[in-house]
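Visitor: I would like to learn how to read a structure like this one. Please take one feature at a time.

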Amino acid sequence: MQTDKKDIRSLSKEELRDFFVAQGDKAFRGNQVYEWLWNKGAHTFEDMSNLSKTTREMLMDNFVINHVKVDNMQCSSDGTIKNAVKLHDGLVVESVLIPTATRTTACVSSQVGCSLDCEFCATARLKRMRNLNPDEIYDQVLTIDRQSREHRNIPLSNIVFMGMGEPLMNYNNVQKAIDKITSEEGLGMSPKRITVSTSGIPKMITKLADDGVKFKLAVSLHSAIEEIRNRIMPFSKSFPLTDLRDSLQYWYSKTKSKVTFEYVIWKGINDDKKSIDALVKFCKYVPCKVNLIEYNPIDDGEFQQADEQATLNYIKALEANDITVVVRRSRGKDIDAACGQLANKS
Ligand code: SAH
């Protein structure tokens, strides 16, 4: 339903307090409403049981609560849950609950579609429709926290911005969502448990460092050879590897936080010695670790996971140079919930 009323969740706590004062009420009322919205995740004004009926009706006359709705929930045989999340304007994004033995990780989206053009990613084939608002990002997290408590009896422990979209192209809203997630009124989660994954936009990485952010940074590298990277991630022609390297060195100098490089090995693309040597060299510029991600095929077969031997060659070379390397197995492949498979198929 379209309405001209303002979404109450776009107001800061200060603005809510001011609103109540302007209504001739106490500023404290703003704190109560803020807590309902952000800590208790209220979906309606009726839920706000410690407010008088008159106050609730007054809020209803002035505002709406634009909550996201889980439209479709798919469960994988490995325990992964993929949510199709419907936004107030009918657009849909996806977010994923990823279980491990002791933890639950939420993989969340930052944009509807994506502005980038990585050839191997299903989301890139949807054009970018719009940025998500802070509360739409926060709601995905809250939803997965609830699902984790319900299905696994544990709260959500980690968040990765590896769903749809490029988080650093919607940085302000991502930052606001993270502020809520980490604040005591929100989930009170440590920023060290949050990883923002970027395709590698040097100017924005420099900005993160200057802003003194506390979350972790992952960069989708996939090749440390300029021509190859430009071919598989065409947008990166505007962002030379030397600029990326400089921004990451700056990031480390400011934050002292290691960067994670995400890297898929494809047959005939980057499974050769030249590619391995280039990665090892690149890793020496900045304290980092490497996550080798399994490729999740998206359809036409242009990209294929390289042979096991190529992975072993990478591991051997990286370890010989004291670079930490981890092999990440895909989760939720049977429901298209793995990295790069999010494309609103439902
Ligand atoms: N735009 C951000 C975050 C979303 S993509 C980024 O580029 O980092 C999250 C991760 O999934 C990135 O490392 C991306 O390169 C990787 N990815 C994309 N498509 C993939 C696929 N088909 N198989 C495996 N990983 C993929």
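Visitor: Is lysine 207 buried, partly exposed or exposed?

Guide: First, what is shown: this is a predicted model, in which local features need pLDDT of at least 70 and side-chain atom pairs count only at pLDDT 80 or more, while totals for chains, interfaces and linings use all residues. Residues are numbered from 1 along each chain as its sequence is written, and side-chain values use heavy atoms, with hydrogens and water left out. Buried means under 20% relative accessible area, exposed means over 50%, and partly exposed lies in between (1.4 Å probe, protein chains only). Lysine 207 has a relative accessible area of 35%, so the residue is partly exposed.

Visitor: With which residue does lysine 207 form a salt bridge?

Guide: Side chains of opposite charge can pair when their charged atoms come close. The term salt bridge is used here for a side-chain nitrogen of Lys or Arg within 4 Å of a carboxyl oxygen of Asp or Glu. Lysine 207 pairs with aspartate 211, with 3.3 Å between the closest N and O atoms. Aspartate 211 is partly exposed at 40% relative accessibility.

Visitor: Where do lysine 207 and aspartate 211 lie?

Guide: Helices (H or I, at least four residues) and strands (E, at least two) are DSSP runs, numbered from the N terminus. Both residues belong to helix 6 (residues 202-211), and they are four residues apart, about one turn of the helix.

Visitor: Which parts does the salt bridge between lysine 254 and aspartate 210 tie together?

Guide: In that salt bridge the closest N and O atoms are 3.8 Å apart. Lysine 254 is in helix 8 (residues 241-255) and aspartate 210 is in helix 6, so the pair ties together parts 44 residues apart in sequence. Lysine 254 is partly exposed, at 47% relative accessible area, and aspartate 210 is also partly exposed, at 45%.

Visitor: How many salt bridges does a search of the whole structure find?

Guide: The search finds 15. One of them joins glutamate 136 and arginine 130, at 3.0 Å from N to O. Glutamate 136 counts as buried because its relative accessibility is 2%, and arginine 130 is buried with a relative accessible area of 16%.

Visitor: Which residues gather in a patch of positive charge on the surface?

Guide: Patches are made of residues with over 30% relative accessible area and no salt bridge; like charges are joined within 9 Å, and nonpolar side chains (Val, Leu, Ile, Met, Phe, Trp, Tyr) within 5 Å. Lys and Arg count as positive. The patch here consists of Arg103, Lys192, Arg193, Lys214, Lys216 and Arg328. Of these, lysine 216 sits in strand 11 (residues 216-220) and is partly exposed, at 38% relative accessible area.

Visitor: Which residues have a positive phi without being glycine?

Guide: Most residues other than glycine have a negative phi. Histidine 222 has a phi near 65 degrees, a positive value. This histidine 222 is in the loop between strand 11 and helix 7 (226-232), and it is buried, with 4% relative accessible area. Aspartate 322 also has a positive phi, near 60 degrees. Its place is the loop between helix 10 (308-320) and strand 14 (324-328), where aspartate 322 counts as exposed at 73% relative accessibility.

Visitor: How far apart in space are serine 253 and alanine 84?

Guide: A C-alpha to C-alpha distance can be set beside the separation in sequence. Serine 253 and alanine 84 are 39 Å apart in space and 169 residues apart in sequence. Serine 253 is in helix 8 and is partly exposed, with a relative accessible area of 42%. For asparagine 50 and glutamine 32, 18 residues apart along the chain, the C-alpha separation is 8.2 Å. Asparagine 50 lies in the loop between helix 2 (28-38) and helix 3 (53-62).

Visitor: What does the UniProt annotation say about residues 100-334?

Guide: The unreviewed UniProt entry labels residues 100-334 "domain: Radical SAM core". Such annotations may be inferred rather than shown by experiment. Over residues 100-334 the chain is 37% helix and 17% strand, and the end C-alpha atoms are 17 Å apart.

Technical notes:
Accessible areas come from the Shrake-Rupley method with a 1.4 Å probe; for residues, only the protein chains shown count as cover. The place of a charge is taken as NZ of Lys, CZ of Arg, CG of Asp or CD of Glu.
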